[in-house]
Amino acid sequence: MPSRRLLVPLLAAALCAAGALAAPAASAGEQAYKAVAAVRKLITSGQIPAGSRLTLGFKQGNVNAFLGNDLALQKEWESLTGIVLDVHIVPQQPIRETLRSMPDIDIVVARNHEYPDLLADGLITEIGPFMAEYGYRFDDNGSDGYIRPELQSKVGERSVAIPADGDVVLLYLRRDLMENEQEQAAFRKLHGRALAAPKTWSEYEDLVRFFHRPAQGLYGVAEERDEEGAWMFWMPRFLSSAAPHAELFDEQMRPRLNTPGAIAATENYVALVKYSPPGITDPGRNYNFTLPQFAQGKAFATMNTIAGARMFNSEGSAVQGKFAAVPLPGTRADNRIVRQNTLIYGNNLVIPQSARNARLAFLYAMWLTDPDVSTRSIGVAGGFADPYRWNHLRDARIRKIYTPDALDTFSGEWAVTRPAGTGLRGDAQYLAALDRNLTAAARGEIGAQEAMSRTSSEWEQITEKLGRTEQVRQWAEFRRQFGSRQ
């Protein structure tokens, strides 16, 4: 895909050479100050030429968030440092393909589950040495720290990414329909309980079945069933199928998919297809299809990230003021309801191994994700980066964009959130097999048990091909790093 240059040369380089750069903005915090000071030191010491260019690889949806309204954040960075940002729009594809075809990028966005493969393939740089050199750490304090940075930044014990997006899963429901007295009475008569947000996945299915009224232009649910991301909407169902949480493999990397819990999770995933808009399992029917269905008032429920709240709360949305974001359901196990969430999507910052200005890229990322600078980033119009620091959730502008209720639910879900994907080298292969079989089941081509059986067999082949001993080691590391959090 051809790159697009968005920037114009500035006079900042000349100012930097003369020592006349402006002081950091008043709305920048200590993290940003340290980054700017470190860049200036690199320039004055001659380690980096004044007027150097930093090449950024952003997806179209990230440009507004990371560069600011009217490129305000870009201009501020360039004014403060003299380092010009050269932005290239990268395609919506696995970032591994982008890094292989565009090797000159200094910093790029990557999804959480992509980290293990990117690291194993030697495509990204460990940032731990930079953090130590410049005295940084991913602080998770409840005031302005990163939210669950261990989920967002690491592969095992190695730091490989700078958190820049918060993508846990939320369940969105039509609050106005839930609060309708006639609907409440009809639901109680049918199910013998109050019409309320579902506590279990089976209750969720009851809700969408009750509100599925295609003759009236209302579908029960518009939840993604596109093959490219099937695992994202199956995984929370699976993780909550056992206490304290289900695991994809045993200690010897034998898949745990031929279990009653895994099959029940798949059955629930498949069951919702019949309450969905026609064509829900067609290729390409991702969030670009499902979110507008809900925003236009054509679906009672959907599942997605906090970005959904931004869309549903916007001017022109048919459900503005009529929706609720609620916690994901769970499964009854050991006399309690087990709930688990996971990270999906995610556009965090990684530094390619081939970066020509890796140190500069790291410092830019730390400046951009500073508590104060990042608040201005998340609050831009049309940005696709979502809150990832605790102070974002209290910012008045951000609360207005997403709604306080949605942000409160978002905040609570992180306590039951698991890392994305498998955490393994070969993650893309494991997830592709799972996606393929889940989609076959969703299309009615095979049953839920067959989908899990086929996935188990394919996973065993992948593990043997990659080397079971090393996969077992990585799986053990993954399980230790992300132990039980209740």
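Phe 249, Tyr 430, Trp 459, Trp 475 and Phe 478 come together as one aromatic cluster in this predicted model.

**Helix α20**

The helix runs over residues 427–442, 16 residues in total, and spans 22 Å from its first C-alpha to its last, close to the 22 Å expected at 1.5 Å a residue. Is α20 enclosed or open? It is largely enclosed by the rest of the structure, because 12 of its 16 residues are buried. After the helix comes Gly 444, with a positive phi near 80°.

**Aromatic pairs**

Back to rings: the count of aromatic pairs comes to 25. Any such pair is described by the distance of the centres and the angle of the planes. Here are two of them:

| Pair | Centre to centre | Angle between planes | Type |
|---|---|---|---|
| Phe 130 and Phe 362 | 5.6 Å | 35° | tilted |
| Tyr 146 and Tyr 388 | 6.3 Å | 20° | stacked |

Phe 130 belongs to helix α7 (residues 128–134) and Phe 362 to helix α16, so their pairing ties together parts that are 232 residues apart in sequence. Both Phe 130 and Phe 362 are buried.

The tyrosine pair also links distant parts of the chain, 242 residues apart, but through loops: Tyr 146 is in the one between α7 and α8, and Tyr 388 in the one between α17 and α18. Tyr 146 and Tyr 388 are both buried.

**Charges over rings**

Lys 34 lies over Tyr 136, 4.4 Å from the ring centre, and Arg 285 puts its charged end over the ring of Phe 289, 4.1 Å from the centre.

**The nonpolar cores**

Phe 362 turns up again in the largest nonpolar core, which has 141 residues; Phe 58, Trp 234, Phe 238, Leu 349, Phe 362, Tyr 364 and Trp 367 touch the most other members. Which helix gives the most to this core? That would be α16 (residues 358–368), with 10 residues.

What does Trp 367 contact beyond its neighbours within four places in sequence? Its partners are Ala 32, Ala 35, Val 36, Leu 73, Glu 76, Trp 77, Leu 80 and Val 373. There's also a second, separate core of 16 residues, with Ile 95, Leu 99, Ile 105 and Val 160 among them.

Note on methods:
Residues numbered from 1 in each chain as written. Predicted model: local features only at pLDDT ≥ 70, side-chain atom pairs only at ≥ 80, totals over all residues. Heavy atoms only, no water. Core = buried A, V, L, I, M, F, W, Y, C linked by side-chain atoms within 4.5 Å. Buried < 20%, exposed > 50% of the residue type's maximum accessible area, 1.4 Å probe, protein only. Helix = DSSP H or I, 4+ residues; strand = E, 2+ residues; numbered from the N terminus. Contact = heavy atoms within 4.5 Å. Expected span 1.5 Å × (residues − 1). Phe/Tyr/Trp six-rings, centres within 6.5 Å; stacked < 30°, edge-to-face > 60°. Lys NZ or Arg CZ within 6 Å of the ring centre and 35° of its normal.
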